[in-house]
Amino acid sequence: MSNTNYSWKNNRSLFPEADETGKLVVDLDSQKYIKVWQGPNHPGVTGNMSLELTVSGDEVVEAKTHVGYLHRGFEKLFERRRYIQCFPTCIRMCVPEPDTNEYNLARGTELLGGIEVPEMANWLRMIALEMARLQVLLRMVPGQAGTMGLGLPSQWGLYYRELILDRFEELTGGRIYHMYILPGGVRGLLPAGFKKRLEENLVKIESFMKDVDRVIYANTVFKKRTKGIGIIPADWIDPYGVTGPVARAAGYERDVRKDYPYLYYDQLDFGVNVEHESDVFARFLVRRKDVDTTIDLLRQIMSKMPDKGDIKAETPNVLHWKIPRGETLVRCESSRGEYIFYLVADGSMYPRRINLRGPSYAHAVTLLEKLLINANISDVSSIMVSLATCPPEIER
Amino acid sequence: MKEIIDHLKKRFPVYEIGEGPNGVILMSVEAAKLVPMLTSLKTNHGYGILVILSAVDWLEDCKFQLTYIINNPDEKRDLGIRVFIKREDAEMESIHSLWEHAATFQREIKEMFGINFPGSPRVDEPFLLEGWDNLPPMRRDFDTKQYSEDTYFPRPGRETNDPAEYMKQKLYPDE
């Protein structure tokens with residue numbers, strides 16, 4: 001493995017050659033290039049999307065993202081559904097982390113409908129959101145090693161994720177899709193002994209993360225294959241709409257929980273994890289530190305939340321609820337970055353428009369296409385996973 | 001914030017200035033003035049992030065609404081700018097020169113609403129729907145039910161029976 005940094009070269013002097021006008025010519029008939037489709041079914045691709053790669057030797061010369069294998073027309077379906085009927089659909093807009101969808105839609109409906117949420121419900125929402133973040137990170141952090149053939153740690157991670165899913169099942173009745181957060185509050189209180197069992201799980205996860213450090217963080221092969229790979233220059237962050245851990249790995253101290261505090265995050269004590277190298281390894285490190293932050297936040301929430309209280313505000317009959325005309329923007333921090341809903345209400349019982357803008361929308365299309373140029377073909381899946389691509393939120 | 005709004009009022013024909021439920025300032029502007037206004041906000045006032053570009057179909061008023069929400073990361077503020085354009089031959093100036101990822105939004109809106117953004121990179125390539133030759137599907141006059149009835153093979157419905165009648169038939173066929 002060479003130590004070349006496969007970062008973006010503006011002149012792209014090696015391949016392909018430019019013609020007299022300066023335009024790059026990729027002539028497939030010249031037999032210098034091969035087209036390779038990575039996906040839609042490929043172990044190195046997250047979800048159903050495909051990358052159309054033009055390679056010269058093992059170097060990517062051109063990349064195009066193709067989405068649409070998972071398009072279910074959710075935003076169109078919302079037009080025919082009442083607000084409460086949107087919930088079962090909207091949680092499926094991102095399969096690994098559905099709670100951010102629930103929260104955003106519920107919060108948007110409350111803002112437009114003028115509902116105040118009780119204190120206890122907000123604490124319970126934070127528990128659900130942080131548990132969701134933890135279970136995604138438990139897949140994502142060891143999963144980064146899975147993209148380069150170190151498959152075992154990612155399988156271990158799945159076991160520890162199941163522990164959190166057990167707690168979700170106890171709290172909400174569902175393992176993957178919870179529908180716990182609804183307009184006005186949440187569906188239920190914590191079951192008896194929940195905090196104790198969650199604490200036991202957190203201790204187990206902490207000891208597991210030490211194993212992850214030993215097999216991944218201290219692994220020479222992992223370092224060789226992630227350091228200096230997929231570097232995003234810091235001046236790309238804003239024009240490309242990069243958010244979340246990917247922006248934090250480039251030195252930007254940005255976290256929606258800190259910058260635009262929602263729920264009671266302003267009452268919690270936590271820092272924003274920042275790295276500066278902006279390569280795959282830096283993004284892995286940011287997520288690795290995020291695991292510790294999330295575990296710490298869960299403990300803080302459990303100690304600060306009240307034991308009892310109202311969990312649901314009075315709302316009008318949700319099946320006949322006419323939301324006044326208006327529009328709003330709701331955002332929260334998901335494990336992948338800033339998660340945004342734009343809602344427009346027209347005064348009827350049906351939403352006029354609900355538009356989701358997830359982090360993958362910026363990361364996996366415009367950014368990934370440019371980032372893959374000059375990368376080695378064996379690093380493609382590693383770069384893609386480090387950007388936390390989630391195709392369902394691109395194609396809603 | 002007030003200074004920026006006063007400044008914008010002087011330079012651009014903005015109207016319908018109001019505050020959204022969570023403090024986002026929203027305003028409308030004429031379509032021709034949008035790009036100069038966004039450029040000014042980006043270069044002079046630090047609104048360097050395009051948060052979302054979204055389209056809304058107001059079929060009853062025969063117009064499309066395009067919403068550009070931009071963000072100032074230093075002051076941590078959002079600003080929403082609305083533009084209303086005609087539904088027939090809908091066309092809008094592209095902003096891909098200001099934000100690279102605006103091209104993705106524009107490509108999707110072209111496909112889903114049929115609003116053209118001339119000059120935007122790859123705007124004519126299909127984004128999600130390959131080989132689509134119908135009305136743009138997110139327009140409100142596109143009937144999803146009619147489309148699926150016309151396109152897909154009809155499936156016979158399930159047979160239903162009145163339970164009382166059915167059990168009577170089954171248990172006492174002679175009565």
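## Helices α4(A) and α10(A)

In this predicted model, α4(A) and α10(A) lie roughly antiparallel to each other, because their axes cross at roughly 150 degrees and angles over 145 count as roughly antiparallel. The two axes come within 9 Å, and the crossing is left-handed.

## Helices α6(A) and α10(A)

Helix α10 of chain A, residues 280-304, also meets helix α6 of chain A, residues 194-217. Here the axes come within 11 Å and cross at roughly 165 degrees, so α6(A) and α10(A) are roughly antiparallel too. The crossing in which α6(A) passes α10(A) is left-handed.

On the α6(A) side you will find A:Lys195, A:Leu198, A:Leu202, A:Ile205, A:Glu206, A:Met209 and A:Tyr217. Their partners in α10(A) are A:Arg288, A:Val291, A:Ile295, A:Leu298, A:Arg299 and A:Met302. The class count for α6(A) with α10(A) is 9 nonpolar, no polar and 4 charged residues.

## The nonpolar core

Now for the largest nonpolar core, which holds 150 residues. Which of its residues touch the most other members? They are A:Val242, A:Ile383 and B:Ile70. The largest share of this core, 17 residues, comes from helix α4 of chain A, residues 119-146.

Leaving aside residues up to four places away in sequence, B:Ile70 touches B:Leu38, B:Leu41, B:Tyr47, B:Ile49, B:Leu50, B:Val51 and B:Leu79.

## Where chain B meets chain A

The contact between the chains takes 30 residues from chain B and 32 residues from chain A. On the side of chain B that touches chain A, the elements giving two or more residues are β3 (49-58), β4 (63-72), β5 (77-86) and α3 (102-113) of chain B. Of these, β3(B) provides the largest share, with 6 residues.

What classes of residue make up the side of chain B that touches chain A? By class, there are 16 nonpolar, 9 polar and 5 charged residues.

Technical notes. Residues are numbered from 1 along each chain as its sequence is written. Chains are lettered from A and ligands numbered from 1 in the order in which they are written. This is a predicted model: local features need pLDDT of at least 70, side-chain atom pairs count only at pLDDT 80 or more; totals for chains, interfaces and linings use all residues. Axes are lines fitted to C-alpha atoms, for helices over the stretch in contact, and angles run from 0 to 180 degrees between N-to-C directions. Helices (H or I, at least four residues) and strands (E, at least two) are DSSP runs, numbered from the N terminus. Angles under 35 degrees count as roughly parallel, over 145 as roughly antiparallel, 65 to 115 as roughly perpendicular and the rest as oblique. A crossing is left-handed if the near helix is turned anticlockwise from the far one by less than a right angle, and right-handed if clockwise. Two residues are in contact if their C-beta atoms, placed from the backbone, lie within 7 Å. Ala, Val, Leu, Ile, Met, Phe, Trp, Tyr, Cys and Pro count as nonpolar, Asp, Glu, Lys and Arg as charged, and the others, Gly among them, as polar. A nonpolar core is a set of buried Ala, Val, Leu, Ile, Met, Phe, Trp, Tyr and Cys residues joined through C-beta atoms within 7 Å. A residue is buried if 20 or more other C-beta atoms lie within 10 Å of its own, exposed if 12 or fewer, and partly exposed in between; C-beta atoms are placed from the backbone.
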